[in-house]
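Reader: Can you walk me through this chain? I'm new to reading structures.
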Amino acid sequence: MEIYRISHEDMLKWCSLPAGQLVGHPESKVDLHILKNRPATMELAGNMMADEVKKNNAEGRITKWVLGSGPEDQFQYFINRVNTERISLKNLYIFHMDYGIDWNSRVYPEGNNYNSPQGRMKVRFYGKIDPELNVPEEQRIWPTLQDLDYVDNKIEELGGIDTLWAGIGYKGLVAFCESPNNPYQRVTEEMYVNMKTKVVQVSPEKVVEGSQRVFGGCYDMMCHQAVTIGMKSMLTAKRAVCMIPTGEWKQTVLRVLMFSDATLEYPCTLLPKYIPEVVVLTDQFTATHPMSLDEIPLSNENQNR
């Protein structure tokens, strides 16, 4: 593998910066916004979603998103504005990022639960939008095992993505695009940025992260494979909006995204290199790294999780 590694010295320097110095930092590669708490952060994200569709509708343009099924807090603010302001979503194309598949590489049964993003979105997102305003079903596009090329071909046909709406993983994953970890597979940055929709093995750290946050540490409940959109299509976006209000899990990756050069060690660092505008929304807790404090606390109580 050909992966530039972040130095120990740089990592300590970034993590030691006080939160008050992050916004507008001269070395930052992103447009950082620090809100009071998670609800305020996700309200801003939801309003940005609504504003973009309204603007494009007024200009007679279609809107093209890559959208994750989580985080999902922002959806309530977006949906409320759509329904109350009568914002039509008829010209919105949503390319859904990914979903886990089971031990036999089969899709989990559809339902309103973590292992079925399709079912969750049907209930928690599309199911709450006025049918007269809703996204047409043929414009709700998921990667499929049956036709892995469909998503990438459709995005190319439409001329690329307007906005990538993304959560960022503990080690910088975007969708299920994680750092290459096979010592017998030589992956270059050029190969990685041209990655198409594919089936991937979920990394052990993602299994630990997901099981701790969702299933009380029961890793039996986590998928170990996934179908994911690749970097090639995501990096066609004109703008990326990264939502990182997750507290202890993301205090380091937030700073890596802000300051690191592009590295496959943290795939999210590719976004500022290839996407013209990268906006990062976070809350005060996530922005405050324990290494930036005079004393590192014994534990952090994250009320925003």
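Predicted model: local features only at pLDDT ≥ 70, side-chain atom pairs only at ≥ 80, totals over all residues.

Reader: Okay. How many helices and strands does the chain have?
Author: It has 11 helices and 10 strands. The radius of gyration is 19 Å, close to the 19 Å that the globule rule gives for 305 residues, so the chain is as compact as a globular protein of that length.

Reader: And what does the C-alpha trace span along its principal axes?
Author: About 55 × 45 × 35 Å.

Reader: What share of the residues is buried?
Author: Buried residues are 53% of the 305. The accessible surface of the chain is about 14300 Å², and carbon and sulfur atoms hold 49% of that.

Reader: What about contacts between residues 24 or more positions apart?
Author: Take the contacts with a separation of 6 or more. Residues 24 or more positions apart account for 81% of them.

Reader: Switching to charges. How many positive and negative ones are there?
Author: There are 32 positive and 39 negative charges. Their mean positions lie 3 Å apart.

Reader: Now the inside. Which residues touch the most other members of the largest nonpolar core?
Author: That core has 52 residues. Phe95, Met97, Leu164, Val174, Met234, Leu271 and Val280 touch the most other members. Helix α9, residues 251–259, gives the most to this core, with 6 residues.

Reader: Pick one. What does Val174 touch?
Author: Leave out residues up to four places away in sequence. Val174 then touches Met97, Leu164, Ala166, Ile168, Met231, Met234, Cys268 and Leu271.

Reader: What is in the second core?
Author: That one is separate and has 31 residues. Among them are Met49, Val53, Trp65 and Trp165.

Reader: Back to α9. Is it mostly covered or mostly open?
Author: Mostly covered. In α9, 8 of its 9 residues are buried. They include Gln251 and Arg255, along with Leu254 and Phe259.

Reader: What do the buried residues of α9 pack against?
Author: Two helices in the list are α1 (8–15) and α10 (270–274). Strands β1 (31–35), β9 (239–244) and β10 (277–283) are there too, and so is α11 (284–287).

Reader: Next, Lys154. Buried or exposed?
Author: Lys154 counts as buried because its relative accessible area is 16%, and the cut-off is under 20%. Lys154 lies in helix α5, residues 150–157.

Reader: What is Lys154 in contact with?
Author: Setting aside neighbours within four places in sequence, Lys154 contacts Tyr93, Phe95 and Ile141.

Reader: What is the phi of Arg86?
Author: Arg86 has a positive phi of about 55 degrees, although it is not a glycine. Arg86 sits in the loop between α3 and β3 (92–96).

Reader: And Ala175, what is its phi?
Author: Ala175 also has a positive phi of about 55 degrees, and it is not a glycine. Its place is the loop between β6 (163–167) and α6 (189–193).

Reader: Are these two buried or exposed?
Author: Arg86 is partly exposed, with a relative accessible area of 41%. Ala175 is buried, at 10%.

Conventions:
Residues numbered from 1 in each chain as written. Heavy atoms only, no water. Helix = DSSP H or I, 4+ residues; strand = E, 2+ residues; numbered from the N terminus. Rg over C-alpha atoms; globule rule 2.2 N^0.38 Å. Buried < 20%, exposed > 50% of the residue type's maximum accessible area, 1.4 Å probe, protein only. Contact = heavy atoms within 4.5 Å. Areas by Shrake-Rupley, 256 points an atom, 1.4 Å probe, with all protein chains shown as cover. Lys, Arg positive; Asp, Glu negative; His and termini not counted. Charge placed at Lys NZ, Arg CZ, Asp CG, Glu CD. Core = buried A, V, L, I, M, F, W, Y, C linked by side-chain atoms within 4.5 Å.
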